[in-house]
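Look at the sequence and structure first, then read on.

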Amino acid sequence: MKPIRTAIVGTGFMGRVHLEAVRRTEGVEVAAIVGRTEDAAQRLGAGFGVPLMKTDYREVLRDRTIDAVHVCTPNAQHYSMTKDALETGKHVLCEKPITTAVRDAEELVSLAAKQGLRNCVCHNLRYYPMVQQMRQLREAGELGEILVVQGTYSQDWLLYDTDWNWRADSKVSGPSRCMADIGSHWFDLAEHLTGLRVTSLCADLQTFHPTRKRPKHSVETFANKLMGPEDYIETPVDTEDFGAVIFQMGTRTRGCMSASQVSAGRKNGFRMEIYGSRSSVAWNQERPDELWVGHRDSGNAVFVKDPSLLLPGARGFADLPGGHSEGYDDTFKQVFRRFYASIGSSGTAEYPQFVDGLRQLRILDVVLESHRARKWVDVPAATA
């Protein structure tokens with residue numbers, strides 16, 4: 001079959017992750033790389049033998065042989081690039097958040113539907129095998145009624161005021177940083193796993209460093225720890241380093257979560273705990289092949305990933321046999337495999353779509369409103 005030709009827009013941390021995962025996806029060919037500078041595009045694309053490297057994404061969109069586009073740029077560029085791609089007939093896979101404003105996300109949802117194009121927002125954390133096992137256990141009734149959902153997403157890469165990334169600039173990242181960047185992953189997974197919707201919440205946010213030392217030259221995500229005082233400019237910051245939310249899911253289910261980018265020692269500490277009336281499950285992204293299952297009246301258990309022992313609905317998300325770890329980069333492969341398989345197919349898309357990205361922006365808007373007003377706020381029920 002003729003391969004699907006795709007372009008990667010963005011050459012930073014996420015652009016490279018996407019490029020490597022696409023190259024592991026059956027029937028897909030990376031046809032172009034778009035970078036902020038010619039040198040950045042060449043550095044990433046040449047090593048992978050990508051035939052076309054550009055600095056203007058519009059040139060790539062005009063290429064009728066390219067079928068799809070990955071948008072892996074800073075947040076403020078997502079809306080315009082995605083809109084342009086859809087209008088030129090390209091299927092789009094966009095990093096989250098799909099936009100920095102709800103109204104723009106609503107427009108993209110409508111445009112993708114009008115154009116009849118496949119669209120995906122990259123909530124890749126759904127696709128760890130043991131995460132899918134959690135969902136299957138819940139759907140099979142093993143957990144009973146969901147009573148409590150709790151956890152955290154904690155990192156330490158912005159602990160010091162000398163730590164900088166474009167996400168700290170609200171003009172580039174949008175009005176929220178920590179909750180938009182990693183809190184959105186947590187809420188997406190909470191709703192995906194439980195099948196419930198957050199209906200009301202109360203949030204508290206904190207900016208521990210109202211000024212940060214911005215590097216005088218560009219640095220890549222997570223790569224700013226070896227710089228000296230002569231390399232910085234004092235820069236005001238108006239986005240949060242930490243957020244905590246208590247929330248309701250319907251009439252009975254209750255939850256609490258925190259997101260932090262200033263938690264010393266936590267490199268990528270995503271934890272999800274779901275407590276049901278029959279049993280409980282807990283998962284830690286830093287130990288992704290393990291799933292804890294808790295019981296009231298019998299021994300608890302820690303299951304290690306083995307496709308032959310997973311429930312049928314989760315088995316297809318594990319490619320390697322038991323004892324062979326599948327981690328962060330594999331989750332992108334699983335998303336991309338399903339995204340590209342849906343192109344040309346009339347079947348239901350089995351991946352997070354723009355409407356899911358819109359859902360997370362609506363939750364984020366309520367988080368910001370609750371923090372400003374210092375009160376509980378209802379989350380809109382609409383999903384489109």
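**Cavities in the model**

Helix α11 gives the most to the lining of the second largest cavity, with four residues. Helices here are DSSP runs (H or I, at least four residues), numbered from the N terminus. A cavity is a set of points on a 1 Å grid over the protein atoms alone where a 1.4 Å probe fits but cannot get out, and lining residues have an atom within 4 Å of a point.

This is a predicted model: local features need pLDDT of at least 70, side-chain atom pairs count only at pLDDT 80 or more, and totals for chains, interfaces and linings use all residues. Residues are numbered from 1 along each chain as its sequence is written, and side-chain values use heavy atoms, without hydrogens and water.

**Second largest cavity**
- Two or more lining residues come from each of α8 (178-194) and α11.
- Six lining residues are nonpolar, four polar and one charged (Ala, Val, Leu, Ile, Met, Phe, Trp, Tyr, Cys and Pro count as nonpolar; Asp, Glu, Lys and Arg as charged; the others, Gly among them, as polar).

**Largest cavity**
- The volume of the largest cavity is about 90 Å³.
- Its lining has 14 residues, with Thr 99, Thr 100, Pro 175, Leu 361 and Leu 364 nearest the centre.
- Helix α11 (residues 354-373) supplies the largest share of this lining, four residues.
- The lining splits into eight nonpolar, five polar and one charged.

**Whole structure**
- The search finds three cavities of 30 Å³ or more.

Conventions. 1 Å grid on protein atoms, 1.4 Å probe; cavity = no way out; pocket = protein on both sides within 12 Å on 5 of 7 lines; lining within 4 Å. Points joined across faces, edges and corners; volume = space filled by probe spheres on them.
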